[in-house]
Number of protein chains: 2
Amino acid sequence: MAYALYYWTGIQGRGEFVRLALEEAGVAYRDVAREVGDNAILPFLEGRKIAHVPFAPPFLQVGRRLIGQTANILQFLGARHGLAPRNEAGRLWTHQLQLTIADWVAEAHDTHHPIAASLYYEDQRREAKRLANNPRGDRYLVGARLTYADLSLFQTIDGLRYAFPKAMRRARRKYRRVHALHAGVQERPRIAEYLASPRRLPFNEQGIFRHYAELDPELDRGLDD
Amino acid sequence: MAYALYYWTGIQGRGEFVRLALEEAGVAYRDVAREVGDNAILPFLEGRKIAHVPFAPPFLQVGRRLIGQTANILQFLGARHGLAPRNEAGRLWTHQLQLTIADWVAEAHDTHHPIAASLYYEDQRREAKRLANNPRGDRYLVGARLTYADLSLFQTIDGLRYAFPKAMRRARRKYRRVHALHAGVQERPRIAEYLASPRRLPFNEQGIFRHYAELDPELDRGLDD
C-alpha cells in the first residue's frame, strides 16, 4: 500500500506525529510537499472532486482514500501496522491517550506567552501516573508493546525539551518514567535512523514548540525540586 | 448494557455531545453527577485502582470499562448503536468530521474576547460544503443516515445561536444546508423529546457557548449578506 503524506514544509508540526508512526512501521511513504512544495496541498483543501475533503494538513493518501486529522490517521496506521492493540478496549484506550496528548499539544501551541511552566509539569505528571498504572509494566503507555501513543508522547516531550530546556531538565528526575520512555523511543532502530536522517526537520520558532529563552528561566532549585 | 455518564453538573459542556448520542440511540443511561453531585467524578480522576484513568469528564462507564475523550466515546457509541457507518472508510470519515467539529468547539470556547464573528462563518462554510459534497444527498454529513457527527454539528450550531444570535441569524440563508441539518436533528422524535425534558440543561455563561451581547453586534446588512 503506497502512502502519501501531505503536510506543510518547514516545520515538524502535527505532521511529525504521523511521520514517526510511518517511520516506526517501516513503510515507504512520500512526503509530498517536501518533494514538490506546499502548493501540492492546496487543491485538496479546496476539495474539487474530492469526497472526503480534509480541513487542514496533515492528511494521508492511501490509494484513492484521503484520511485527515492527526489522531484519526494514527488510529488508521496503528490498526494496520501493529502500533495499537487488536482488541477494542485496548484500541479505544490508546486513542483516548492520543486525544489527550493532542489536547496537551494544542495547549503548548497556544502558549506563546509566559504562562507558568507548571502547566507542563502537570501534564507530565498525568502521563507518568499512567505509565506507573500500566499493569503490564511502566515502559509503554498501553500494554507491553509500543503504540502510536508512545511515539506521540516522545514527540511531545522532545518538543517541550526544545522549548523549555531548563524547566524540562528540572523535571527529569521527577518524571523519570516519562523521560525513560522518551529515551527508549529515541533508541529504537528505525526511529534512531529517522532522527539522524535529513527527513527529520529541526525544531524552529515557526512550529508548535518554540524556544523563547525568557519563558524558560533559571529557577532557584528550592522552588521546583 | 448499562451506561453511566460522568460530567460536571450545571453546564451542557462537552458532556452534551455524548448525551445527544445516548438520547438519539434511545438507550437508558445514568447521568451520575446530576444524581449525586460533582463529587462522584473526583475519585475517577484521582485514579486509585483504575486501569484507564480519564483525564477529564466526560467519561462513560460501560460495565467495568471506562471510556474518556468525547470523540472517542462517540466513536464507541456510534459503532454500537448505528450512529456511524459500518465500513472502515465511513467510520474514519465520520470520526475525522467529529475531530474537526471538536477543534471548532475548542475555538469557540477560547473566544471570550471580541474576535471577528467571521471565524464562525468560515467554519460554517466548511460544514456547508461538506453537506453539498455528500454524494448521498445534503441532509447528513456522511451518507444517507444520521451519524454522531450530525448530532455534534447540531449542538455546535445550537450553541453558536445562543452565543451569537444576531450573527447566526444573518448566516442562516448563506449556510442553508447547515441550518436545515440543525432543524432536522431538532425534530427527530427522540431529540425533540430530550430537548423538551428537564434532562436538557439550558445554555448559560459558564459553558462553552456564552452569550455576551457586546460580541454580537447588529451589523449593517451590506457588510454581511
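Biologist: Which residue just after H1(B) takes a positive phi?

Modeller: Gly26(B), with a phi of about 70°. A word on the ground rules: this is a predicted model, in which local features need pLDDT of at least 70 and side-chain atom pairs count only at pLDDT 80 or more, while totals for chains, interfaces and linings use all residues. Residues are numbered from 1 along each chain as its sequence is written, chains are lettered from A and ligands numbered from 1 in the order in which they are written, and side-chain values use heavy atoms, leaving out hydrogens and water.

Biologist: What makes H1(B) a mostly covered helix?

Modeller: Helices are DSSP runs of H or I with at least four residues, and strands are runs of E with at least two, numbered from the N terminus. H1(B) spans residues 15-25, and eleven of its eleven residues are buried. Among them are Phe17(B), Arg19(B) and Glu23(B).

Biologist: Why is His95(B) called buried?

Modeller: Buried means under 20% relative accessible area with a 1.4 Å probe and protein chains only (over 50% is exposed, in between is partly exposed). His95(B) has 0%, so it counts as buried. This residue is found in H5(B), residues 88-110.

Biologist: What makes E3(A) and E4(A) a pair?

Modeller: Two strands pair if DSSP finds at least two bridges between them. E3(A), residues 59-62, and E4(A), residues 65-68, have four bridges in the antiparallel sense, so they count as a pair. In E4(A), Leu66(A) is the bridge partner of Gln61(A), and Ile67(A) stands opposite Leu60(A). The two strands form a hairpin with two residues between them, and Gly63(A) in the turn has a positive phi of about 60°.

Biologist: Why are E2 and E4 of chain B said to stand at the edges?

Modeller: The open sheet of chain B has the order E2-E1-E3-E4, with mixed pairing. E2(B) and E4(B) each have a single partner strand, so one side of each is left without a neighbour in the sheet. The twist averages 20° from one strand to the next. E1(B) and E2(B) pair in the parallel sense over three bridges, with Asp31(B) in E2(B) as the bridge partner of Leu5(B).

Biologist: And the second largest pocket: how many residues line it, and which lie nearest its centre?

Modeller: There are 25, of which Pro85(A), Asn87(A), Gly90(A), Val142(A) and Gly143(A) lie nearest the centre. H5(A) gives the most to the lining, with four residues. The volume is about 500 Å³. On a 1 Å grid over the protein atoms alone, a pocket is an open set of points with protein on both sides within 12 Å along at least five of seven lines, whereas a cavity is a set where a 1.4 Å probe fits but cannot get out; lining residues have an atom within 4 Å of a point.

Terms used. Grid points are joined across faces, edges and corners, and a volume is the space filled by probe spheres set on the points. Axes are lines fitted to C-alpha atoms, for helices over the stretch in contact, and angles run from 0 to 180 degrees between N-to-C directions.
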